[in-house]
Amino acid sequence: MLHFEVQEALEIHRDPIGHYHHWSIAVGVLSSGTLSTGDCVSLPTSDGSPCSGFIFGFEAFRKILGPTVRAEDLTGAVIGVGVRSPAPPGAIVTAGPLHRIEIDTHRDNVLTILRDHPERLFHNRGAHAPWLWCGECPRVLYNQPAAQPILQHLAAHHPDAALVTQVRRVLDHLAKTS
């Protein structure tokens, strides 16, 4: 049985002006079970809204761990779990258990985030490049046909013109690839 207790989350905008990447690190302790890169997980949030993504790596005391971590190998050590697609906003992740989820649950979570909190997918590149938009988080919508009606509604009704511009870019991408 998996038990990873999140203590905090750190949001990372790496190289915001060059080859940009966006992820979050869930910091905590794996007390039972196993986690692997590629696992889909949900994180606890302060407002109870869904927050999920894919694990892409593990770190402990600036040491990169392998593609799988097991509780019995860590003996209560604090580790960082890298999560992206989309990057969980560090400001809303709170202490609590991380859960492994199915891909369909993650897709449903992304649609809920798109509908209720589109700014979590359409946002800038952080404090070092607030004039540039994150291109990584919206990519999670590219393979979700169910996102199109929500995107069309946002494009027609959302009050933030800059966000609407980004929504339209995703809609254009979807139109070209369908």
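By class, 7 nonpolar, 3 polar and 2 charged residues make up the lining of the largest pocket; Ala, Val, Leu, Ile, Met, Phe, Trp, Tyr, Cys and Pro count as nonpolar, Asp, Glu, Lys and Arg as charged, and the others, Gly among them, as polar. The model is predicted: local features need pLDDT of at least 70 and side-chain atom pairs count only at pLDDT 80 or more, while totals for chains, interfaces and linings use all residues. Residues are numbered from 1 along each chain as its sequence is written, and side-chain values use heavy atoms, with hydrogens and water left out.

**Largest pocket**
- A pocket is an open set of points on a 1 Å grid over the protein atoms alone, with protein on both sides within 12 Å along at least five of seven lines; lining residues have an atom within 4 Å of a point.
- The volume of the largest pocket is about 230 Å³, a volume being the space filled by probe spheres set on points joined across faces, edges and corners.
- Its lining includes W23, F56, F58 and E59.
- β5 (52–60) is one of the strands that each supply at least two lining residues; strands are DSSP runs of E, at least two residues, numbered from the N terminus.
- The largest share of this lining, 4 residues, comes from β5.

**Largest cavity**
- A cavity is a set of grid points where a 1.4 Å probe fits but cannot get out.
- The count is 1 cavity of 30 Å³ or more.
- The largest cavity has a volume of about 60 Å³, and P50, C51 and R120 are among its lining residues.
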